[in-house]
Amino acid sequence: MKHIIQHGLLLTAFIFGLLFRMTAQSSQIVVFLNDGNEQTYNLTETDRLYFEDNTKLVIEQVSAKDAVSIPLADIRKITCNEYASLAEGNGQNPAIFPNPVHDVLTLRNLQGKQSISLYTIDGRLVKSMEVDENQTVDISDLPIGLYLLKTESCTLKMIKL
């Protein structure tokens, strides 16, 4: 059970990391520890949140030339608040649902026919295709994980269960 909880924390933190790195100028990350303490970090778009050896959460504040490493076993919860969003567009931003997804992903608000690419979190291209607006994509052949779906206008985060 502890192993499942740690992997859930890992996935959650990855999602938070992607959210603030791709869509916000600054974010506030709050790490709630098992001992009841909280640690708050204000991160900018150049800062990094990542995992080292699947055992530690690393928060690297490039602007402050500081890095903090927290063992995953000590973390109870992680929250993220975004500030000053950089989202662009005309209110009809591309969207995917459901998210998390099991087998079939639906794309919405694409502007006509577009090329899309699906990448693993480590940057490997796993699927590429031409799609029309409001089209579904079968991803049942992909393993469980976190993916980035790149359209011609944006990059979207997706969890495959």
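**Legends to close-up views of a predicted model**

A search of the whole structure, which is a predicted model, finds 1 cavity of 30 Å³ or more. A cavity here is a set of points on a 1 Å grid over the protein atoms alone where a 1.4 Å probe fits but cannot get out; grid points are joined across faces, edges and corners, and a volume is the space filled by probe spheres set on the points. Residues are numbered from 1 along each chain as its sequence is written, and side-chain values use heavy atoms, with hydrogens and water left out. Local features need pLDDT of at least 70 and side-chain atom pairs count only at pLDDT 80 or more, whereas totals for chains, interfaces and linings use all residues.

**View 1. The whole chain and its confidence.** The chain holds 1 helix and 13 strands, where helices (H or I, at least four residues) and strands (E, at least two) are DSSP runs numbered from the N terminus. The mean pLDDT, the predictor's confidence in each residue from 0 to 100, is 76 for the chain, and 75% of the residues score at least 70. Confidence is lowest in helix α1 (residues 2–23), with a mean of 50, and highest in strand β10 (residues 125–131), at 92. Of the 161 residues in the chain, 34% are buried, that is, under 20% relative accessible area, with exposed meaning over 50% and partly exposed lying in between (1.4 Å probe, protein chains only).

**View 2. The lining of the largest cavity.** About 30 Å³ of space lies in this cavity, and the residues lining it, each with an atom within 4 Å of a point, are I116, S117, L118, K127, M129, V137, I139 and L149. Strands β9 (114–120) and β10 are the elements that give two or more residues to the lining, and β9 supplies the largest share, 3 residues. By class, the lining has 6 nonpolar, 1 polar and 1 charged residues, with Ala, Val, Leu, Ile, Met, Phe, Trp, Tyr, Cys and Pro counted as nonpolar, Asp, Glu, Lys and Arg as charged, and the others, Gly among them, as polar.

**View 3. S117 in strand β9.** S117 lies in strand β9 and counts as buried because its relative accessible area is 15%. Leaving aside neighbours within four places in sequence, S117 is in contact with L125, K127, S128, L148, L149 and K150. S117 and E152, 35 residues apart in sequence, are 9.3 Å apart from C-alpha to C-alpha.

**View 4. I59 in strand β4.** I59 belongs to strand β4 (residues 56–61) and counts as buried because its relative accessibility is 1%. Not counting residues up to four places away in sequence, I59 touches V31, Y41, L43, R48, L49, D66, A67, V68 and I70. Between the C-alpha atoms of I59 and Y41, which are 18 residues apart along the chain, the separation is 8.2 Å.

**View 5. F97 in strand β7.** F97 lies in strand β7 (residues 95–97) and, at 37% relative accessibility, counts as partly exposed. Residues up to four places away in sequence aside, F97 touches L105, T106 and R108.

Methods. On a 1 Å grid over the protein atoms alone, a cavity is a set of points where a 1.4 Å probe fits but cannot get out, and a pocket is an open set with protein on both sides within 12 Å along at least five of seven lines; lining residues have an atom within 4 Å of a point. Contact means heavy atoms within 4.5 Å.
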